[in-house]
Every structure is written in structure tokens, then in C-alpha cells.
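Subject: Structure handover and side-chain contacts

Dear colleague,

I am handing over the structure below, and after it I set out what was found in it. Please read the notes alongside the coordinates.

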Amino acid sequence: QVQLVESGGGLVQAGDSLRLSCAVSGRAFSRYFMGWFRQAPGKEREFVAAVNWSGGDTYYADSVKGRFTISRDTAKNTVYLQVNTLKPEDTAVYFCAAALRSIGRYTNVRETYEYAYWGQGTQVTVSS
């Protein structure tokens, strides 16, 4: 069984930064692609960022491109999301997700159905 545990959320002011972490346990981490999603109250869960197994390929939602950075440390079985220049509209619960395979030709890393395992989420609240 795979377990994902997020941490690093909090209450911050607009313009601040945070680093979210997602620790993965239970199976070989190195061949997963990993993603971050977020869900604000009353809204659907939306894609934020994804990274392939090597960390060499990254994907971002347009709304966070240039402000957020996804990375992974295979030795620590951890994926990170550095979030900079936070805005009130970034307020949401941030979820880490794992797909038990590499990215294929028809993989859409932006879709929730591509991911088999999810963490419990970490709250990020940005005040104006």
C-alpha cells in the first residue's frame, strides 16, 4: 500500500512563500510520476503541477507557472512544491498524488484519473 503524507501548509500573507512536501512510502518511488492538485471551497480539484520519475520533465497549470516549482528527491522519497509570490486565490487544500507508472504517450498528467494514490492534503491560506 502506498501512503502519501503532505506537510508545509499554513497561513501566510500575499507575496509570501511556502514549501510543501509530500513523503511517499510503501512502494518503489522512483518510477512514479507525481502531481500536486488543489481544491478551494466549493470548487473542483484542479491540477497545479506534475513531475516525471526522473525529475527532468515538469508540468504546470498556467495560473501558477513562474511562481511554483515542483521537484523530487528520489533518495528521500519526497516530492516538493515551492510556492512563491502567493496570492489570495491560491488559498486551497493542496493534495499530493502518485501514479504507479511513467508518463506515456497518451498520459494526461493534468487529470485526476491518472493518479492512483492521494494524500490527505495540507491547507494553504493566503490573506490579502
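There are 5 aromatic pairs, where rings of Phe, Tyr and Trp (its six-membered ring) pair if their centres lie within 6.5 Å, with planes under 30 degrees apart counting as stacked, over 60 as edge-to-face and the rest as tilted. One of them joins Phe37 and Phe47, whose ring centres are 5.7 Å apart and whose planes stand at 75 degrees, so this pair is edge-to-face. Phe37 belongs to strand 4 (residues 33-39) and Phe47 to strand 5 (residues 46-51), so that distant parts of the chain, 10 residues apart, are linked; strands here are DSSP runs (E, at least two residues), numbered from the N terminus.

Before going further, please note that this is a predicted model, in which local features need pLDDT of at least 70 and side-chain atom pairs count only at pLDDT 80 or more, while totals for chains, interfaces and linings use all residues. Residues are numbered from 1 along each chain as its sequence is written, and side-chain values use heavy atoms, with hydrogens and water left out.

Phe37 and Phe47 are both buried, a term that stands for under 20% relative accessible area, with exposed meaning over 50% and partly exposed in between (1.4 Å probe, protein chains only). The rings of Tyr115 and Trp118 also make an edge-to-face pair, because their centres are 6.0 Å apart and their planes are at 65 degrees. Tyr115 counts as buried at 5% relative accessibility, whereas Trp118, with a relative accessible area of 28%, is partly exposed. Ring pairs join Phe33, Phe37, Phe47, Tyr115 and Trp118 into a cluster.

Trp118 also takes part in a contact with a charge: the charged end of Arg45 sits over its ring, 4.9 Å from the centre, and the charged end of Arg45 likewise sits over the ring of Phe95, at 3.7 Å from the centre. For this, NZ of Lys or CZ of Arg must be within 6 Å of the ring centre and within 35 degrees of the ring normal.

Turning to charge pairs, a search of the whole structure finds 5 salt bridges, each being a side-chain nitrogen of Lys or Arg within 4 Å of a carboxyl oxygen of Asp or Glu. Asp90 forms one of them with Arg38, where the closest N and O atoms are 2.9 Å apart. This pair links distant parts of the chain, since Asp90 is in the loop between strand 8 (78-83) and strand 9 (92-99) while Arg38 is in strand 4, 52 residues apart. Asp90 is buried, at a relative accessible area of 1%, and Arg38 counts as buried at 6%.

Asp90 also meets the side chain of Arg67 in a salt bridge (2.8 Å, N to O). Arg67 lies in the loop between strand 6 (58-60) and strand 7 (68-73), and the two residues are 23 residues apart; Arg67 is buried, and so is Asp90. Salt bridges link Arg38, Glu46, Arg67 and Asp90 in a network.

A further salt bridge joins Arg101 and Glu114, with the closest N and O atoms 2.1 Å apart. Arg101 counts as partly exposed at 35% relative accessibility, whereas Glu114 is buried, with a relative accessible area of 10%.

What does Arg72 reach, given that this residue is buried yet has no salt bridge? Arg72 is found in strand 7, and the nearest side chain of opposite charge, Asp73, is 8.5 Å away, with Lys and Arg counted as positive, Asp and Glu as negative, and His and the chain ends not counted. The side chain of Arg72 reaches the backbone oxygen of Asn52 at 2.7 Å and the backbone oxygen of Trp53 at 3.5 Å.

Finally, the count comes to 1 disulfide, defined as a pair of cysteine sulfur atoms within 2.5 Å. Cys22 and Cys96 form this disulfide, with their sulfur atoms 2.1 Å apart, and the torsion about the S-S bond is about -80 degrees, so the disulfide is left-handed. Because Cys22 lies in strand 3 (residues 18-25) and Cys96 in strand 9, the pair ties together parts that are 74 residues apart in sequence. Cys22 and Cys96 are both buried.

Definitions and conventions: Helix = DSSP H or I, 4+ residues; strand = E, 2+ residues; numbered from the N terminus. Polar contact = N/O pair within 3.5 Å; in protein donor to acceptor, adjacent residues only side chain to side chain.
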